[in-house]
Amino acid sequence: MVLEGKWPQMSRQLELPLAGRGEAPRGKRSEEEPTASEGNARSGASGLMERVCERSNLQAALKRVRKNKGSPGIDGMTVDELPDYLRAHWPGLREQMLGGTYQPAAVKEQLIPKGGGEMRKLGIPTVLDRFIQQALLQVLQAMWDPGFSRHSHGFRPGRRAHDAIIEAQRYIQAGRKWVVDVDLEKFFDRVNHDVLMGRLAQRIDDGRCLGLIRRYLEAGILVNGLAVERNEGTPQGGPLSPLLANVLLDEVDKELEKRGHAFVRYADDCNVYVQSKRAGERVMGLLRRLYTRLRLQLNESKSAIGLACHRKLLGYSFWVAPGRVVKRRVASKALATMKERVRILTRRTIGRSIEQVCIGLRSYLLGWKQYFRLADTPRVLADLDEWIRHRLRAIHLKQWRRGTTIYRELRARGLSERGAARVAGNGRRWWRNSAKLINVAFPIRYFDDLGVPRLAA
């Protein structure tokens, strides 16, 4: 949505050079709330909050929040309702932000499957708070991102998981066959607020921004209708959370760089590549000390020192091809997860037409193929293609049910009388039949026409 001409009140407000009183980084607030006109030497000198409230920055923030969509927070307001709300309430909200008094709402807890039977806890802010966080993120990220480590790839503009995977592949190819694979224990839920705010205070000289971030960290979380206080963690779900994580972990990155280590980091996953197990043990000891300094704990069940080709990274693993060339493949756990998802999408008991099944399957497979396009294993992908087609053929047999129907349909699709009779005579054996003569009736081009993408193509 374009804001030009649609927020006359907001346009006028954005031109006012208001300076506001900020809040102490430690999060202690006085009994009287300051107003935007009172001023504060530290925050007023910075003007960082004024940059957050600039009209162009807010336009970009609203555009991003609407593009990301997402579910409502505890107040039930949808993304589409946000522009009208801002038209009516922006002047007052701006005054609160510039005065350092804006109070975020509690976040809504949402649990999503993480794999292995575990659940990931998300904290969904209201759309208004997502908008304000996004506006703050855009200003802070532009200031800080250029100074982050080039080995950090998670949640940064112009960087992606594929960059981390390719960098790791180079390290292994260069002879660093061992990896110190570190995973942090419930990182986003365990971030220490005081430690994080201390690092932020070294970067931000506007007390209002520090105070606003502190209040976002301390905003309660609504669990089963009850508001619960939060003393640690920066829940995933808000735009600001990944940037705060990178600020905290940048200290570890810089120490590894200083010591000349070869490493990649994506969010809270860090892999350091070394030439021997003994070197790996030294690095593991170093990382324990660095993370302890930040009051973070390693996930002992997932962290380990091992051969690089035996460990996974962001869904990929590595293998050595003839000529001692290191190549990429889909990790076994990622393959198992993918097959389980396809089984759910192609269940033979859901009562949907093959066309409907293929629509859902196409959406999932296109995303999967895009992410795992770096895999150097065409045979594995071709086998997956055949397995998927096998399941889709079985759906047809299950839907036809009766032997006479199976015979008639297969004959209509070009199968010989003998072949159709053989399949129809064993019509209840869906899986076995769908892997044999029925391939003639449902060739690969049939599934191409249904829009099922080929993973090996």
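**Pockets, cavities and a helix pair**

A: In this predicted model, α4 contributes the most to the lining of the second largest pocket, giving five residues.

Q: OK, which elements each supply at least two residues of that pocket's lining?
A: They are α4 (55-68), α6 and α11.

Q: And which residues lie nearest the centre of the second largest pocket?
A: The lining has 18 residues, and R64, N68, Q134, L137 and Q141 lie nearest the centre.

Q: What volume does the second largest pocket have, and how does its lining divide by class?
A: The space in the second largest pocket is about 370 Å³. Its lining residues comprise eight nonpolar, five polar and five charged.

Q: Switching to cavities: how many are there of 30 Å³ or more?
A: There are two cavities of 30 Å³ or more.

Q: What lines the largest cavity?
A: The largest cavity is lined by 18 residues, and Q133, Y216, R230, T234 and P235 are the closest to its centre. The elements giving two or more residues to this lining are α6 (127-144), α10 (207-218) and α11 (241-258). By class, the lining of the largest cavity has ten nonpolar, six polar and two charged residues.

Q: And which residues line the second largest cavity?
A: Its lining is made up of D385, I388, R389, I444, F447, D448, V452, P453 and R454. Two or more of the lining residues come from each of α15 (378-400) and α20 (444-449).

Q: How many of those are nonpolar, polar or charged?
A: The lining of the second largest cavity has five nonpolar, no polar and four charged residues.

Q: Now the helices. At what angle do α13 and α14 pack?
A: Helix α13 (residues 332-345) and helix α14 (residues 354-371) pack at about 165°, and their axes are 10 Å apart. An angle over 145 degrees counts as roughly antiparallel, so α13 is roughly antiparallel to α14.

Q: Is the crossing left-handed or right-handed?
A: The crossing of α13 and α14 is right-handed.

Q: Which residues make the contact?
A: From α13 they are A334, L335, T337, M338, R341, V342 and L345. From α14 they are V357, G360, L361, Y364, L365 and W368.

Q: How do the residues of that contact divide?
A: The contact of α13 with α14 involves ten nonpolar residues, two polar and one charged.

How values were computed. Residues numbered from 1 in each chain as written. Predicted model: local features only at pLDDT ≥ 70, side-chain atom pairs only at ≥ 80, totals over all residues. Heavy atoms only, no water. Axes fitted to C-alpha atoms, helices over the stretch in contact; angles between N-to-C directions. Helix = DSSP H or I, 4+ residues; strand = E, 2+ residues; numbered from the N terminus. Parallel < 35°, antiparallel > 145°, perpendicular 65-115°, else oblique. Left-handed = near helix turned anticlockwise from the far one by under 90°. Contact = heavy atoms within 4.5 Å. Nonpolar A, V, L, I, M, F, W, Y, C, P; charged D, E, K, R; others polar. 1 Å grid on protein atoms, 1.4 Å probe; cavity = no way out; pocket = protein on both sides within 12 Å on 5 of 7 lines; lining within 4 Å. Points joined across faces, edges and corners; volume = space filled by probe spheres on them.
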